[in-house]
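Please open the structure in the viewer and follow the stops below in order. Each stop names a selection and then describes what is found there.

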Amino acid sequence: MSDAQTDACARSLSSSPRAALFSPANMDAWQTGMDRISQLVAEQLDSVQKPFSGITPEALRPAFADLDLETPLENLEAGLEELKSLYLKDAVYFHHPRYIAHLNCPVVLPGVWAESLLGAINSSLDTWDQSAGGTLIEQRLIDWTTERLGLGPTADGIFTSGGTQSNLMALLLARDAVCEKLPNHPGNQTHGLPPEAGRLRVFASGISHFSLQKACALLGLGHNAVVPVAVDERRRMDPVALRDALDNARAEGLIPMAVVATAGTTDFGSIDPLQAIGRECHARGIWFHVDGAYGGGLITSRRHGHWLKGTEMADSVTIDYHKTFFQPVSCSACVVRDRTQLRHVTYHADYLNPELQAREGTPDQVNKSLQTTRRFDALKLWMTLRLMGADALGDMLDCVIDLTREGYQLLEAAPDIDVVQAPELSTLVFRFHDATEETLGAEQWDALNREIRKRLSRSGEAIVAATKVSGRQYLKFTLLNPETRQEDLAAVVELIRQHGQALVKAHQLAVSTTAQPNHGAPLADIPTASRRSHTTEAKESRHA
Ligand SMILES: Cc1ncc(COP(=O)(O)O)c(C=O)c1O
């Protein structure tokens, strides 16, 4: 580090607050700080051997309790030093090939570069007069997305904070579009919900994302407004079950407000039959929403893009660039086929986006958004498309789809692993279930698999997720990292096996030494072993 750089890092920002402003006068300090932060991140990534240190909240919490937020640290160097111990040392690293838990992707460099740029310029995308070209960049990307989805020339949309907000917005539009057509109701936006609101229903597969329930609660309809529709053996919505559910609802005097098809369910990656569902919705005049938070990235895939066929019939689509487009959090969009539907979220404020401004053609994005002040998240996707191109993203997604198929072969071949089904997108749901052991009952196998996950996380060697299938505990791999190799999956499966076998052994020991029932055995406190064959149970849950 040069003397000037050392100075900038050593300078106190509390004694001269104006030296802390992002302004032309302070560019040297800014650049030095950015260099120092880049250096720290590079060092950190270089030293990361595992996706997680394994620290527990109990172990980390005391360090926060002692912090004095009223007294600033003396300089950047001290701030970074503190961050190393409070955060970086124990962060969860999504770029690591053995982080295979949730729908978090490793991120591409253009997206990370864009994050620093957008944070520095700090445009707010609510109005043209706070963003200018930023608005046009966002609009161009929305157009690119709707073109790829095949939504047609009247489509439009907006960037959001994530799939949860996109689903909320889509259901809000659906609710207000339906209510607008009710007799003697001048519209929700001004007058609130009509008496019929309690009869509105949203139809989605039983394994759709919980953000739909949350959205319905926020929209004044309640969780119970979401009607779960049965899935087929590949866990895709059954169109016949949908038809029956819609008929039953009509017969009971309920009002179908929307059907939500999931293009990539969170646990199984299953893609509902979009064309069949779309046709059903069109025939009945029901709002058709596609939750493509996970599978939306297929619009970039040259090999699997056709899996989204039918999305072009949707009234609205959720798409998360921060999942299958390899973008930093957050980066998502809610797009609609008919841009006039966005009027349901429009409100004109004299100080910000007066109606006259809209009539003059000023592109104020706040007219289409639930948010007011809004990050320029679009810049990340923009830089990615301009520097890498969509095909490069699609190739990475294809790569993880291929890896998932290889992973499935590996799990299927393992005698002590019960894998639920062949993969659809890039998840694998399975559990350790030692086929040669008769010692454990169903609940004990559940507890054992929960414990395996905990032990893996505590060791930090690998991070996997967990979920339930037909009430039984399973483990889950979500594969979004093109750097993860088959050998990584094999190594993680071996770790799972080792933990599983050790737990079974410890349990057997505890059972055999009845004088000391808690012989250090982690499963000793779970219910006594059932004599029922667990291979039968495995088969049952596979077909449940
Ligand atoms: C199918 C689906 N929809 C919606 C969401 C919510 O997205 P977000 O976490 O970006 O709010 C998720 C998250 O995993 C998802 O899998």
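Begin with the boundary between the two domains: 20 residues of domain 1 are in contact with 16 residues of domain 2, two residues being in contact if their C-beta atoms, placed from the backbone, lie within 7 Å. On the side of domain 1 that touches domain 2, 6 residues are nonpolar, 9 polar and 5 charged. In this division, Ala, Val, Leu, Ile, Met, Phe, Trp, Tyr, Cys and Pro count as nonpolar, Asp, Glu, Lys and Arg as charged, and the others, Gly among them, as polar.

The model is a predicted one: local features need pLDDT of at least 70, side-chain atom pairs count only at pLDDT 80 or more, and totals for chains, interfaces and linings use all residues. Residues are numbered from 1 along each chain as its sequence is written.

To colour the domains, select 152-353 for domain 1 and 392-543 for domain 2; these bounds come from an automatic or database domain assignment. Their C-alpha centres lie 34 Å apart.

Next, select the ligand. The shell around the ligand holds 15 residues, the closest being Gly162, Gly163, Thr164, His209 and Ala293; a residue is counted as near if its C-beta atom, placed from the backbone, lies within 6 Å. Helix 7 (residues 163-180) supplies the largest share, 3 residues. Helices (H or I, at least four residues) and strands (E, at least two) are DSSP runs, numbered from the N terminus. By class, the shell has 3 nonpolar, 10 polar and 2 charged residues.

Now display the open sheet of 7 strands, whose order is 2-8-7-6-5-3-4 with mixed pairing; two strands pair if DSSP finds at least two bridges between them. Strand 2 (156-160) and strand 4 (226-229) are at the edges with a single partner strand each, so one side of each has no neighbour in the sheet. Within it, strand 7 (residues 316-320) and strand 8 (residues 332-336) run antiparallel and are joined by 5 bridges. Thr318 has Cys334 in strand 8 as its bridge partner.

Finally, move to the open sheet of 5 strands, ordered 1-11-12-10-9, also with mixed pairing. Strand 1 runs parallel to strand 11 (residues 463-469), with 2 bridges joining them. Select Tyr99 to find Ile463 of strand 11 opposite. Helix 16 (residues 442-459) lies across strand 10 (427-432), strand 11 and strand 12 (472-478), at about 35° to strand 12. Axes are lines fitted to C-alpha atoms, for helices over the stretch in contact, and angles run from 0 to 180 degrees between N-to-C directions.
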